[in-house]
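Here is a friendly tour of how two chains meet. Have the viewer open and follow along from one heading to the next.

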Protein chains: 2
Amino acid sequence: MQNRQIILKSRPVGRPTGDNFELKEIEVPTPAEGEILVKSLYISVDPYMRGRMSDAKSYVEPFKVGEPINGGAVAEVVESRHAGFSKGDVVVGRPLAWQELQVVPAETVNKIDKNAAPLSYYLGILGMTGMTAYFGLLDIGKPQKGETVVVSGAAGAVGTAVGQIAQIQGCRVVGIAGSDEKLRYLKDELHFDEVINYHEEKEMEKAIADACPDGVDVYFDNVGGEISDAVMANINKFARIPICGQISLYNATSVPTGPRIQPIILKKSALMQGFIISNYLDRFPEGITQLTEWVKEGKLKHRETVVKGFEKLPEAFIGLFDGVNTGKLIVETK
Amino acid sequence: MQNRQIILKSRPVGRPTGDNFELKEIEVPTPAEGEILVKSLYISVDPYMRGRMSDAKSYVEPFKVGEPINGGAVAEVVESRHAGFSKGDVVVGRPLAWQELQVVPAETVNKIDKNAAPLSYYLGILGMTGMTAYFGLLDIGKPQKGETVVVSGAAGAVGTAVGQIAQIQGCRVVGIAGSDEKLRYLKDELHFDEVINYHEEKEMEKAIADACPDGVDVYFDNVGGEISDAVMANINKFARIPICGQISLYNATSVPTGPRIQPIILKKSALMQGFIISNYLDRFPEGITQLTEWVKEGKLKHRETVVKGFEKLPEAFIGLFDGVNTGKLIVETK
């Protein structure tokens, strides 16, 4: 059997390029007692991985140069030496290496129901991205019926889930994204109340004021930078701002500067809180149950951009920074 | 009887000067039914008043040009036309005008016990500043035993209360202030664990790291700006940052810029929340009861800088921005 992996060849400086990655052929490993050999089916490609490619201390360990990238993936059991798993079972693991075939300790993966939803959903709406939206919005944002929720990176995997969960809570939902195609999707298919194209708007602060006549009560921030400055200028008293991502700053090569936001946070008695989904580990069952229910009821649509071919992983990852994806970006290995 | 008031003559641009104020002689007013005539005894002089001198929308109404400044004050009843008040009663009012004698509706003031504590305490540790420290630290900062609490503006009225309340909670307390005299007071009289002089430290970020070997769990921010940047660079995961004031920025004539803090808030899953004491109006009785108890037990020391002479109000206010005060700054009218 062929086996390949993608390693981090060098740490990107600024925007990642193909040269930072290397595709290597390797042996197929053999599982020991208590281990399973799995074959990657769907691999998650996420903005936060950029942070792990740098050497700086962050909320997760940096990737090591010369070793494979790792992250969320759905895989099929090829050979099992653990009583709880059989050949053909499907599991979700986090992390799994960017590798076609790999051996893992059985306790690092979770078996999933092959029939409940398409398998790739477990990397998105029923996985980390769905839970990120669910806990970030509900636990930190605490949206109340009738309030206005603004989400940046709105057409992304987390963004689309945030907007829809906010709608379920009875909120007015305004999405910020970077292309007319994305805006059409948000408006026509997900029924966002207002959408803003940050590439075309010359005066973002005014555009947000126009889209939010009652001000902004919750700002779910996926992007940071100037887009966030414009939203922050429109927040209401007691606004809540979950900080989920700062993708506009991830490739910065020096400390990004901007208007200080503490004066606004003070003036508005606002709350800003950063989070990472693992903070909510003990509440995952609650999240999965609720999200699955909403998906079945058709209240929560899920869109994926699926790139085919294991070897396309680096290219797909780099494309994240051009916003090529609508919804969750996934590489299907075959 | 002589009567005087201090009006806002013009709005300050940048740092306030004596020219922004005017001392005027006026008539002694006569109370109507339901009103009382009061004589100001102690008048509170606070940094937040700078914000109200600007025209910009803020969390409280701007002062009007040509009208007296107003704020917290302790006053004595000179004449009462309300059954609940008698001549000689002492009241605390917020706001009272910067005026020697004034008429107010009886329901806008609260009678205080003349014997429980020195009268000026009701403008400080048993007034808005004590409650600001109490609710900001405990409700937002949520300090846990053994954690490290850093407070900027540490020698100010709020700062000294914050540090002592943090000590009562069993925390390691680090204070940042701007003179060796203040540092000595914090260290020798209030027993702060560490103190940092931001005027003398060349490398604030390192100074804070040295003073906080286990990192910063709670940062009670009174000042903003570069001092806060240095503290933020040292926060721990799940840090809490109550934003109480931003005095270093109040005189800024353009939007202050600095390193973006959202990436740190994200990386550390930190919580930053602004507040104004009126958010806690319904919990004031709890605050006063607890603070009075701590004052009586000697756990909460209170220091005031008292400037004598009603006409000194503008000068005292301007002096705030040079850090002339240790603890609460009060003008005694006689």
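Predicted model: local features only at pLDDT ≥ 70, side-chain atom pairs only at ≥ 80, totals over all residues.

## Where the strands meet

Let's begin with one residue pair: A:Gln273 has B:Leu271 as its bridge partner in β14(B).

β14(A) and strand β14 (residues 271–274) of chain B are joined by three bridges and run antiparallel.

Now look at the neighbour of β14(B) within chain B. Strand β12 (residues 235–243) of chain B runs parallel to β14(B), and four bridges join the two. B:Gln273 turns up again here, as the bridge partner of B:Pro242 in β14(B).

## The extent of the interface

How many residues of chain A are in contact with chain B? There are 36, and they touch 36 residues of chain B. Together the chains bury about 3,000 Å² between them, with carbon and sulfur atoms giving 60% of that area. Three residues stand out on the chain A side: A:Arg260, A:Gln262 and A:Leu266 supply 27% of the area that chain A buries against chain B, more than any other three residues.

## Polar contacts and salt bridges

If you are interested in electrostatics, here is what to look for. Two salt bridges are found across the interface of chain A and chain B. In a salt bridge between the chains, the side chain of A:Asp229 meets that of B:Arg260, at 2.8 Å from N to O. Polar contacts between chain A and chain B come to 14 residue pairs, counting those with both residues at pLDDT 80 or more.

## What chain A brings to the contact

Which elements of chain A give two or more residues to the side that touches chain B? They are α6 (225–232), β12 (235–243), β13 (257–259), α7 (262–267) and β14 (271–274). The largest share comes from α7(A), with five residues. By residue class, this side of chain A divides into 18 nonpolar, eleven polar and seven charged residues.

## A span annotated in UniProt

One more stretch of chain A carries a label from a record. An unreviewed UniProt entry places the feature "transmembrane region" at residues 119–137 of chain A. In the model, this span is 53% helix and 0% strand, and its end C-alpha atoms lie 25 Å apart.

Notes. Residues numbered from 1 in each chain as written. Chains lettered and ligands numbered in written order. Heavy atoms only, no water. Contact = heavy atoms within 4.5 Å. Buried area = accessible area lost by both parts, 1.4 Å probe. Salt bridge = Lys/Arg side-chain N within 4 Å of Asp/Glu carboxyl O. Polar contact = N/O pair within 3.5 Å; in protein donor to acceptor, adjacent residues only side chain to side chain. Nonpolar A, V, L, I, M, F, W, Y, C, P; charged D, E, K, R; others polar. Pairing = 2+ DSSP bridges. UniProt positions renumbered as here; feature names shortened; annotations may be inferred.
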